[in-house]
Amino acid sequence: MLQRKFDNVVKGFFPNAKDAKDTSIHYLGKMQIEHKLDISKVLMATSVCSDDINVPSTTFFNVLFGPFIMGGLGGLPFAGQTGMTAFAHHIPDEGSAFIFYGPHIGVTLDGDLGKMYRPRQEETGNSCGALMLALNRIQDAGYAPVMNDDDYQQMKLEESLLPYRDEILASDNQAKAITEATYEIINKKIHEHLKSCKDEFHVDRVTLLGGIIINTDYGLDDYFDARNFEVVDMKSL
Ligand SMILES: [Zn+2]
């Protein structure tokens, strides 16, 4: 019942979003049927935010091996080229690879985007916390992140978002806009790392699934708004 109510709220913001089960069935089916991939030999990597609330989302695909965790705050692939290389070296013989990536955003039944009720908390909290913090900071026109060793990921995330600052602030839904911008950043980085590390892959095909994870209340399914599904022919990179 509650899940159905969430369905309407989520689809109001993300009309193409699918719930967890539909997402896994749909994309695993595409891999197996349309692309003839043997899903018993697929190693998954994720580039999603460190937030504990995303752990269930990565189990959408728990029939696969892994995951190799590439993501840090906001979902950026902080493991970088070394992470992509290590992932490439861990793929089963005659198998293939799958990379699931994207930012996340919470929503409440009241339609409050960027917020969610977390397990055993009375009040709503931010989701994604890192992105909502970045948003709060870049709303101050004089703000510039200062790179430092002790808060590296957050500073790097904010630095990556600066080119999108005007676009985000001009949006009538800034929480959604910063999430969309972060998707663009992650998508670009995943493609760059895949290309620069292509010689490390001993398989022909790597499947990418990128989009936005939408967190609902604890215990209910998350949703996923897919933005990119592609089976990359590694020889063509
Ligand atoms: Zn987060």
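How many bridges join S4 to strand S8 (residues 205–215)? The count is 5, and S4 and S8 run parallel. Two strands are taken as paired if DSSP finds at least two bridges between them. Helices (H or I, at least four residues) and strands (E, at least two) are DSSP runs, numbered from the N terminus.

The structure is a predicted model, in which local features need pLDDT of at least 70, side-chain atom pairs count only at pLDDT 80 or more, and totals for chains, interfaces and linings use all residues. Residues are numbered from 1 along each chain as its sequence is written.

The overall fold was examined next. The secondary structure of the chain comes to 8 helices and 9 strands. The C-alpha atoms fill a box of roughly 50 × 45 × 30 Å, taken along the principal axes. A compact globule of 237 residues would have a radius of gyration near 18 Å, and the chain agrees, with 18 Å. The radius is taken over C-alpha atoms, and the globule rule is 2.2 Å times the number of residues to the power 0.38. Buried residues make up 41% of the 237 residues. A residue is buried if 20 or more other C-beta atoms lie within 10 Å of its own, exposed if 12 or fewer, and partly exposed in between; C-beta atoms are placed from the backbone. Contacts were also sorted by sequence separation. Among those between residues at least 6 apart in sequence, 67% join residues at least 24 apart. Two residues are in contact if their C-beta atoms, placed from the backbone, lie within 7 Å.

Strand S4 spans residues 96–101. It is largely enclosed by the rest of the structure, because 6 of its 6 residues are buried. Both faces are covered. Ser-96, Phe-98 and Phe-100 lie on one side, and Ala-97, Ile-99 and Tyr-101 on the other. Met-44 stands opposite Phe-98, and Thr-46 stands opposite Phe-100.

S2 is mostly covered too, with 6 of its 6 residues buried. Val-42, Met-44 and Thr-46 point one way, whereas Leu-43, Ala-45 and Ser-47 point the other way. S2 is also joined to S3, by 3 bridges, and these strands run parallel. Here the bridge partner of Thr-46 is Ile-69.

The largest nonpolar core has 60 residues. Such a core is a set of buried Ala, Val, Leu, Ile, Met, Phe, Trp, Tyr and Cys residues joined through C-beta atoms within 7 Å. Residues with the most contacts inside this core are Met-44, Ala-97, Phe-98, Ile-99, Ala-134, Ile-178 and Ile-214. The largest share of the core, 7 residues, comes from H8. Ala-97 touches Val-42, Leu-43, Ala-45, Phe-87, Ile-91, Val-203, Val-206 and Thr-207, not counting residues up to four places away in sequence.

Helix H8 covers residues 174–196. At 1.5 Å a residue, its 23 residues should span 33 Å, and its end C-alpha atoms are 33 Å apart, which agrees. The expected span is 1.5 Å times one less than the number of residues. The buried residues of H8 include Ile-178, Thr-182, Lys-189 and His-193. In helix H5 (residues 129–138), the buried residues are Ala-130, Leu-131, Met-132, Ala-134, Leu-135 and Ile-138. They pack against strand S7 (124–126), helix H6 (152–161), helix H7 (165–170) and H8.

Backbone geometry was inspected last. Most residues other than glycine have a negative phi, and most peptide bonds are trans. A cis peptide bond joins Gly-66 and Pro-67, with omega about 5°. Pro-67 is in strand S3 (residues 65–69). This proline counts as buried because it has 21 C-beta neighbours inside 10 Å. Another cis peptide bond joins Ser-127 and Cys-128, again with omega about 5°. Cys-128 is found in the loop between S7 and H5.

Positive phi values occur at Lys-36, near 50°, and at Arg-120, about 60°. Lys-36 lies in the loop between helix H2 (20–34) and S2. With 8 C-beta neighbours inside 10 Å, Lys-36 counts as exposed. Arg-120 is in the loop between strand S6 (115–117) and S7. Arg-120 has 6 such neighbours inside 10 Å, so this arginine also counts as exposed.
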